[in-house]
Amino acid sequence: MTFNRRTFLGTAGVLATGLAAPMVLAQGKPRVVVVGGGAGGATAARYIAKDSKGEIDVTLIEPSRTYYTCFFSNLYLGGFQELSDIAHSYGTLAADYGINVVHDWAVGVDRGAKTVSLAGGGSVPYDKLILSPGIDFVDGAVDGWDISAQNKMPHAYKAGSQTELLKAQISAMPEGGTFAMVAPPNPFRCPPGPYERVSMVAHVLKVNNPTAKIIVADPKPKFSKMSLFQEGWANHYEGMVDWIGEDFGGGNVSVNPDAMTVTIDGEETQVDVCNVIPAMKAGRIAEMAGVTEGNWAPVNAADMSSKADPDIYVLGDASQQGDMPKSGFSANSQAKVCANAVRGALTGSKVFPAKFSNTCWSLIDTDDGVKVGATYEATPEKIAKVDGFISQTGESADLRKATYEESLGWYAGITSDMFG
Ligand SMILES: Cc1cc2nc3c(=O)[nH]c(=O)nc-3n(C[C@H](O)[C@H](O)[C@H](O)COP(=O)(O)OP(=O)(O)OC[C@H]3O[C@@H](n4cnc5c(N)ncnc54)[C@H](O)[C@@H]3O)c2cc1C
């Protein structure tokens with residue numbers, strides 16, 4: 001069977017063992033292969049390469065030459081960031097850290113032979129394999145929508161052209177038009193993400209199209225930082241946002257991308273923009289590697305190793321790890337724990353006890369930033385929450401501005417931690 005990018009993208013659940021492929025021969029050094037150059041994968045590759053000082057060969061497989069962070073992509077929609085501000089390349093990882101960056105899709109994992117096959121042909125051998133492929137969407141999750149409709153009704157939940165498209169659609173809305181969002185069920189990437197997006201869309205509409213309306217159909221009865229967002233929407237965007245939760249039929253939704261209609265609990269509405277964010281699952285390569293159970297890949301909290309294979313590690317959104325939200329901060333934190341453990345396993349270097357942390361900032365309006373965060377530890381069962389904090393309703397404008405400024409510092413820090 002011949003695999004290429006097109007067949008991979010169009011074919012689910014294929015375990016690509018035995019692909020005709022020239023095998024890269026072992027060089028004598030232990031070999032780590034990382035699939036996915038996002039928040040988890042880029043961080044893990046960089047830390048292993050940096051800390052092993054050439055003792056470990058690191059290969060990073062990532063199809064895109066430019067990684068657009070989903071984090072701050074809502075701020076791009078809101079006009080607070082340029083697209084170029086959220087674009088990052090892999091040049092420094094190759095040039096300064098000696099990482100073998102391969103721009104291709106991983107299309108199969110042969111766990112017996114310990115190789116990863118590539119869409120472009122060939123396979124890469126590993127001693128330890130780290131998977132951080134992010135998310136894919138669950139087929140049939142929103143009635144009437146599939147990936148072929150993403151140009152009419154974008155998800156914009158993988159950043160880049162989808163985010164640009166959504167922004168263009170918002171700009172082209174007629175005066176007094178309607179923006180609809182179909183929000184996803186738990187668990188999903190970035191729990192506050194849809195609601196920060198609603199805030200940023202409202203911010204743009206308030207300036208350019210103040211009689212426009214936003215409808216959110218949500219299958220959940222509540223959501224992350226709910227009281228903070230609802231307070232912000234009432235303060236900044238009064239009467240503009242209509243959030244329809246589970247109790248009001250928000251989970252009973254279908255869409256018609258050709259007619260541009262959304263039907264919520266039997267009531268059909270004509271809309272101008274429809275942002276469909278379907279239910280999510282681990283990026284497909286995790287399933288192809290045979291390390292998923294249901295939609296996600298269960299891992300051991302101490303080192304992020306897969307419960308199905310001790311030589312495979314799963315980071316970030318794709319993993320099922322316990323209490324951490326699926327965020328870039330979480331993926332970055334998990335990647336450092338994993339990098340330390342993988343290096344220890346391959347070179348005998350000291351392994352420190354796993355400690356994790358996360359903060360999710362959201363911008364509601366200009367200088368109105370809020371946050372939620374926690375620290376975590378590894379238990380035999382899961383990554384378990386230790387201590388948390390959250391912004392409060394009614395906070396002063398100065399505190400909210402300081403919270404927003406903190407998020408700018410975090411963004412600069414995490415992207416240099418990922419890409420060098
Ligand atoms: C709108 C929005 C706002 C967000 N805001 C925040 C925020 O403010 N703070 C925060 O911490 N998080 C935020 N997030 C969440 C954050 O983006 C994700 O949780 C994070 O990117 C997860 O990291 P990851 O490594 O699991 O996946 P990703 O960062 O998505 O990286 C996965 C990479 O794997 C690659 N890949 C997939 N399959 C293959 C394959 N077969 N072969 C090779 N490569 C492959 C992809 O191309 C991709 O580059 C936000 C998300 C969204 C959508």
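Domain bounds here come from an automatic or database domain assignment. On that basis the chain holds domain 1 (10-136 + 280-352) and domain 2 (143-276). The model is predicted: local features need pLDDT of at least 70, side-chain atom pairs count only at pLDDT 80 or more, and totals for chains, interfaces and linings use all residues. Residues are numbered from 1 along each chain as its sequence is written, and side-chain values use heavy atoms, with hydrogens and water left out.

The C-alpha centres of domain 1 and domain 2 are 31 Å apart. Contact (heavy atoms within 4.5 Å) links 20 residues of domain 1 with 20 residues of domain 2. The two domains bury about 1,900 Å² between them, 66% of it on carbon and sulfur atoms. Buried area is the accessible area (1.4 Å probe) that two parts lose on being put together, summed over both. Asn74, Leu77 and Met280 supply 34% of the area that domain 1 buries against domain 2, more than any other three residues.

Two salt bridges are counted between domain 1 and domain 2. The criterion is a side-chain nitrogen of Lys or Arg within 4 Å of a carboxyl oxygen of Asp or Glu. Arg189 and Asp317 meet through their side chains in a salt bridge, at 2.5 Å from N to O.

By class, the side of domain 1 that touches domain 2 has 11 nonpolar, six polar and three charged residues. Nonpolar covers Ala, Val, Leu, Ile, Met, Phe, Trp, Tyr, Cys and Pro; charged covers Asp, Glu, Lys and Arg; the others, Gly among them, count as polar.
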